[in-house]
Amino acid sequence: MITTYLFYLLAFLSIMFGLMVVFAKNPVHSVLYLVITFFTIAGQYVLLNAQFLAAVHIIVYAGAIMVLFLFVIMLLNLNKETEPHKSLWLKLSATIASGLLLVVLVGSLKNAGTIPHPANFNTNIGLIENLGKTLFNDFLLPFEVSSILLLAAMVGAVMLGKKSIK
Amino acid sequence: MTLGFLIYKIIFVLIIFAITLLVATYSTYAERKIAAFLQDRIGPDRAGPFGILQPLADAVKMFMKEEMIPSVSNRMLFIIGPGVCMLTACMTGVVIPWGPAMNIGGKVYPLQITDLNIGVLYLFGVVSLGVYGIMIGGWASNNKFSLLGAIRASSQMISYEVAMGISIIALVMTTGTLSLGQIAADQPGMHWNVFIQPLGFLIFIICAFAETNRAPFDLPECETELVGGYHTEYSSMKLGFFLFAEYINMFISSAVISTFYFGGYNMPFIARFVHDPNWLAVLGFVFLFTKISFFIFVFMWVRWTLPRFRYDQLMNLGWKILIPLSILNLLITGGWMMRSEILHFFIK
């Protein structure tokens with residue numbers, strides 16, 4: 001029972017802070033609201049008993065990626081004068097396009113229906129031991145391929161960071 | 001979970017919180033005394049016998065000072081910064097096992113606030129959040145020196161987190177668990193992890209120095225270049241919070257180092273002399289604090305012995321020495337664990 005209330009509280013908070021990310025005038029405030037949004041989503045993972053996912057979500061998103069975002073925004077020192085001014089037509093077309101996307105999403109999700117709850121659903125599936133066994137037995141190839149993808153991205157970043165390639 | 005157990009947990013949380021603050025308070029006194037000893041001075045000796053009341057005098061001074069908030073600063077974030085710093089510093093003590101479980105009247109009382117099965121990851125997550133307090137405070141001050149200090153702090157912490165994480169992975173491979181309670185319990189007697197993971201320990205302690213912004217890695221508050229670093233604009237107890245958070249971090253890092261590599265509450269030969277589990281728990285608590293005090297002393301000893309690094313030296317050490325070393329440590333650990341399979345592969 002208490003988990004239902006917690007779910008609604010966390011869902012409300014994540015939507016509220018998600019909106020604050022968009023509506024905040026100051027980009028640094030936006031980033032900080034986004035960090036809080038990540039925390040609420042990590043809370044949802046904990047409610048699903050996926051503690052490993054929650055911890056990794058916090059470490060990777062809140063602890064690493066958002067720090068880099070904050071880093072860049074603080075160094076750029078964005079303010080009103082440097083803000084690029086878009087024309088009214090551009091703003092209008094962007095609003096219509098994103099509104100249409102919303103309509104499509106709502107329309108496609110409306111008839112999706114609820115996923116039936118499996119009778120013998122293993123609630124411990126999100127714990128690290130089960131997750132590791134699943135990843136390294138059933139999904140070994142996709143797991144290794146995604147690690148190669150990350151390695152390629154790292155090599156690319158190092159190459160871009162070099163001043164001159166001899 | 002009964003009501004009695006809940007009350008026990010709340011009381012235990014408060015006790016740990018009080019101990020954390022007390023140890024951090026007296027670390028400031030210890031730091032001055034050790035600095036004085038290493039520099040052939042006497043150190044604080046006015047407040048009380050041997051200056052034992054000096055931290056109290058410092059606290060009163062901090063509270064009484066004029067509170068200044070720069071008019072050009074971002075007021076809300078300026079106030080939140082030190083709070084976030086303090087919060088993340090205090091949050092890490094939750095998963096540390098302070099002693100083996102006590103057994104009073106047939107009920108088991110674990111001396112650990114919560115034994116998360118992802119304790120190591122929780123610790124790592126909170127440590128990686130620690131950078132926000134400094135960054136928010138430094139940016140909200142609207143001062144170039146503060147911003148530079150904040151950026152230095154965050155880039156330093158991000159760089160050393162990588163090596164720290166890889167050295168922790170090697171440790172987790174040998175222990176086979178992510179729960180700190182289990183890691184401590186798996187090191188009875190003299191079976192400490194430091195003998196299994198000497199290189200990992202060395203990397204971890206260097207990264208712990210960098211993560212707590214202690215000398216020789218205290219570049220974020222390098223006064224010769226940056227005035228006061230990220231807390232240049234802070235005064236009164238907000239400055240106190242920033243400084244105090246550093247001491248709490250030092251205490252918690254010492255506790256984590258003791259738990260990960262030095263057996264936590266375990267002590268060799270003690271099981272031969274003491275058989276009552278409750279006395280073992282009390283003694284374990286005392287042993288853990290002896291180890292923690294030793295590591296806090298090491299932190300201070302290093303601070304007053306080594307000069308500060310230059311910034312490029314710091315980055316070179318982090319990226320070009322510690323990360324390759326930690327990956328090497330990971331490879332050696334993995335190779336050792338798979339030794340029979342590897343031998344089988346080559347001999348066949």
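The following legends describe close-up views of a predicted model.

**View 1. Packing of helices H5 and H13 in chain B.** Helix H5 of chain B spans residues 144-175, and helix H13 of chain B spans residues 311-337. Their axes lie 9 Å apart and meet at an angle of about 10 degrees. With angles under 35 degrees counted as roughly parallel, H5(B) is therefore roughly parallel to H13(B). The residues in the contact of H5(B) with H13(B) comprise 16 nonpolar, nine polar and one charged.

**View 2. Contact between chain B and chain A.** Chain B contributes 16 residues to the contact, and chain A contributes 16 residues. On the side of chain B that touches chain A, the elements giving two or more residues are helix H4 (119-140) and H5 of chain B. H4(B) supplies the largest share of that side, with nine residues. By class, the side of chain B that touches chain A has 12 nonpolar residues, four polar and no charged.

**View 3. Hairpin of strands S1 and S2 in chain B.** Strand S1 (residues 99-104) of chain B runs antiparallel to strand S2 (residues 107-111) of chain B, and four bridges join the two. B:Met102 is placed opposite B:Tyr109, which belongs to S2(B). Two residues lie between S1(B) and S2(B) in the hairpin. In the turn, B:Gly105 has a positive phi of about 60 degrees.

**View 4. Domains of chain A.** Chain A is divided into domain 1, covering 1-78, and domain 2, covering 128-166. A distance of 25 Å separates the C-alpha centres of domain 1 of chain A and domain 2 of chain A.

Conventions
Residues are numbered from 1 along each chain as its sequence is written. Chains are lettered from A and ligands numbered from 1 in the order in which they are written. This is a predicted model: local features need pLDDT of at least 70, side-chain atom pairs count only at pLDDT 80 or more; totals for chains, interfaces and linings use all residues. Axes are lines fitted to C-alpha atoms, for helices over the stretch in contact, and angles run from 0 to 180 degrees between N-to-C directions. Angles under 35 degrees count as roughly parallel, over 145 as roughly antiparallel, 65 to 115 as roughly perpendicular and the rest as oblique. Ala, Val, Leu, Ile, Met, Phe, Trp, Tyr, Cys and Pro count as nonpolar, Asp, Glu, Lys and Arg as charged, and the others, Gly among them, as polar. Domain bounds come from an automatic or database domain assignment. Two residues are in contact if their C-beta atoms, placed from the backbone, lie within 7 Å. Two strands pair if DSSP finds at least two bridges between them.
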